[in-house]
Amino acid sequence: MLAGFKGLKTYVGSTAQWLHKQPCSGLQRNYSTKLPSHYLLPSGHQIPSVALGVWKASPGDAGQAVAAALKAGYRHIDGAWTYRNEEEIGKAIKNSGIPRDQIWLTSKLWNTFHAPVDVEPALDESLTRLGTEYLDLYLMHWPIAFKKGSNNELDVALTADPYPTWKKLEEMVDKGKVRNIGISNFNIARVVNLTANPLKYKPAVNQVELNFWSPQPELVEWARKHGLLLESYSPLGGNNQVKETLDVPEVKEIAQKLNITPAQVVISWHVQRGTVVLPKSVTPSRIDENIKIFALPDDLFDKLEAAATVHPPQRTFNPSKSWGLGFDIFDEDWPL
Ligand SMILES: NC(=O)c1ccc[n+]([C@@H]2O[C@H](COP(=O)([O-])OP(=O)(O)OC[C@H]3O[C@@H](n4cnc5c(N)ncnc54)[C@H](OP(=O)(O)O)[C@@H]3O)[C@@H](O)[C@H]2O)c1
């Protein structure tokens, strides 16, 4: 069984470490009762453990959601070029009056821009739209490269070997346009395929689907062993399964016992598993709710972990078919 966050611990054997920034007088007690507010990355930067996700935050909603989140205390926004709301997010950040260096901003390189020549222009577009000179984290959104201008014509060479794209991303770090680079939707085989190269900068994170329906304990354990921080996307099950997630009997029971909400149970569980969590909401009351996380007592953490891992895993999101790939992106025996 996966070991949760139990008492005085750093993030085992890895370069990513749990940090506790909340000031406290009795340090020991704080360590055993609070979840980490940040994780330490190999670069030395500290990434906040909870972010506001902005996928499917439609025009008009995205900006007000970011404004509400910053007001509620979030300092981490998880966006992407393909979410088509970067301009609105940039404006909301500017209007908040919070200095740029106090906010962790993530964006992602879309699949059509993996050709090394296209990486910097795509990044520049995100920077311009966001109204910032740098990103804190830039992710390769998928381990899938499409030919430029198409949205389903596979670039076989760059999909099989993402190293040329990665080298260009490393160059972006050296130019100061991004502070950390990472990956998203990479399974173990694909992480190994990338990291077998002589990387100048290892991936700072791997952002993957992790939720009650797809808890991926093997990936979580593997990443922990290899010092690769995971970020949990669709942590509540996404639009389609959030209701079902919050209705899980174990989730409801733990919520009742701890006098917190079902969403807070699930979001806390993700951080207690040692991952960054990216709940999306455009609803101010939920945004407020989702940033308040609580360490679950060991027995309750174990109970939820067992309930999540006992049923057959089921992803809530897999675009392999709609992209007409002819293979499953998440297959460990991927054909390329
Ligand atoms: N790298 C990738 O390929 C990838 C893929 C998917 C997602 N992501 C990232 O992960 C983020 C989150 O994933 P997601 O948007 O798929 O799913 P999610 O965060 O699991 O679920 C979002 C849904 O939950 C609802 N919700 C949020 N808080 C709630 C609460 N306290 N009570 C009840 N309902 C609540 C939201 O409704 P309202 O908004 O109406 O409040 C929305 O319908 C994305 O925004 C994105 O940043 C990345």
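Predicted model: local features only at pLDDT ≥ 70, side-chain atom pairs only at ≥ 80, totals over all residues.
## What surrounds the ligand

In total, 30 residues surround the ligand, and the closest are Asp 78, Leu 236, Asn 239, Ser 281 and Thr 283.

## Where it sits

So which pocket holds the ligand? The ligand is found in the largest pocket. Two elements give two or more residues to the shell there, namely helix 9 (238-246) and helix 12 (284-290). Helix 9 is the top contributor, giving four residues to that shell.

Next, a look at some atom pairs. Two of them involve the protein backbone: a backbone N or O atom of Val 54 lies 3.2 Å from a ligand oxygen, and a polar backbone atom of Val 282 is 2.9 Å from an oxygen atom of the ligand. With Asn 290 the side chain takes part, as one of its N or O atoms is 3.0 Å from a nitrogen atom of the ligand.

How much of the ligand's accessible area does the protein cover? On its own the ligand has 910 Å² of accessible area, and the protein covers 91% of that.

## The annotated domain

UniProt, in an unreviewed entry, lists residues 56-307 as "domain: NADP-dependent oxidoreductase". Over residues 56-307, the chain is 47% helix and 12% strand.

Conventions: Residues numbered from 1 in each chain as written. Heavy atoms only, no water. Near = heavy atom within 4 Å. Polar contact = N/O pair within 3.5 Å; in protein donor to acceptor, adjacent residues only side chain to side chain. Areas by Shrake-Rupley, 256 points an atom, 1.4 Å probe, with all protein chains shown as cover. 1 Å grid on protein atoms, 1.4 Å probe; cavity = no way out; pocket = protein on both sides within 12 Å on 5 of 7 lines; lining within 4 Å. Sits in = over half its atoms within 2 Å of the grid points. UniProt positions renumbered as here; feature names shortened; annotations may be inferred.
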